[in-house]
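Here is a short briefing to read alongside the model. Take a look at the chains first, and then walk through the notes by topic.

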Amino acid sequence: MKLDVTLHDLAAIREFVKAGAIKAKLNAEKVHEVIIAVDEAVTNIIVHGYKRKTGPLEIEVTAHKKMFNINLRDQAPSFNPLMFPPPDITLPIDKRPIGGMGVYLIMRAMDKVDHRTLPGGGNELILTVKL
Amino acid sequence: MDIVLSKVVGRVPVTIVRLAGSLDGSTYDDLVNVGIEAEAAGATDLLLDMRKLEFMSSAGMVALQMLVRLMGGESTPPGGGIAANRTVLVGRNTGELAHLRLLGPTPDVLRVLEVAGLKDYFAIYTDEADAIASF
């Protein structure tokens, strides 16, 4: 799936990834976790990478050797979401800073998350869950 | 996402915000803005009807945090507009959870709240009449 992405594409992206996850025979709970992780990752790309403007995004979904992978390739400035410090989830909601939960949800949902800066510029985020 | 507002009077007036669809990065602003407008119109207690909410991401939790601060804090400045009031809310660091309650979140939405460590902070109801009477 290739598109010039905006926040309004999130629903279509979730449907695309959901179809791949179901085809790979992930169970319903894991399908939802994968959808959450991709939604959070794509939202970060748009909000932080493209500063809420549109930009190119390529999404590849593959199942291979008992691994389900989602590769997200953008052309935003190099941005590694894994460098975000984890939020303090012991703080009550009324005392927490606003936001900052997206990467935490990705890490909780996935078995493995990798980031690399692409040679020609841009980023690739690789989300992996075991089948 | 569809948002429908209604008002009922139990022991106190309760504003019911019914959500349908997806609460994500493209829609959470709509919910925050509805909350700001409701508060400006005098709402002090919100019941968030999540029975038809199919999906919620961390952006939805941002909206919940904003609503907690909106309902629990001082009134937002009159005439400030939505953008100014959003800034006021982000700057707050307290709120009263008692003024925001949840009705019927789906298992998927509950799981997101649970993973984020937020589920236990909310009063969550499955029956609308019970939820209204609880305020």
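Chain B has five helices and five strands, where helices (H or I, at least four residues) and strands (E, at least two) are DSSP runs numbered from the N terminus. This is a predicted model, in which local features need pLDDT of at least 70, side-chain atom pairs count only at pLDDT 80 or more, and totals for chains, interfaces and linings use all residues. Residues are numbered from 1 along each chain as its sequence is written, while chains are lettered from A and ligands numbered from 1 in the order in which they are written.

**Chain B overall**

- Starting at the N terminus, the elements of chain B follow the order β-β-α-β-α-α-β-α-β-α.
- Of the 135 residues in chain B, 42% are buried (20 or more other C-beta atoms within 10 Å of a residue's own; exposed means 12 or fewer, partly exposed in between, with C-beta atoms placed from the backbone).
- Among contacts in chain B with a separation of 6 or more, 72% join residues 24 or more positions apart; a contact means that two C-beta atoms, placed from the backbone, lie within 7 Å.

**Where chain B meets chain A**

- The contact draws 25 residues from chain B and 23 residues from chain A.
- On the chain B side, α2 (58-72) and α4 (107-115) are the elements that give two or more residues.
- The most comes from α2(B), with eight residues.
- That side of chain B has twelve nonpolar, eleven polar and two charged residues (Ala, Val, Leu, Ile, Met, Phe, Trp, Tyr, Cys and Pro count as nonpolar, Asp, Glu, Lys and Arg as charged, and the others, Gly among them, as polar).

**Phe135(B)**

- You will find Phe135(B) in the segment after α5 (128-134) of chain B.
- Phe135(B) counts as partly exposed because 18 other C-beta atoms lie within 10 Å.
- Leaving aside residues up to four places away in sequence, Phe135(B) touches Gly10(B), Arg11(B), Val12(B), Val14(B) and Asp45(B).

**Helix α2 of chain A**

- At 1.5 Å a residue, the 22 residues of α2(A) (residues 28-49) should span 32 Å, and the 30 Å between its end C-alpha atoms agrees; the expected span is 1.5 Å times one less than the number of residues.
- α2(A) is mostly covered, with 17 of its 22 residues buried.
- Just after α2(A), Lys51(A) has a positive phi of about 55°.

**Confidence in chain A**

- Chain A has a mean pLDDT of 94, and 99% of its residues reach 70 or more (pLDDT is the predictor's confidence in each residue, from 0 to 100).
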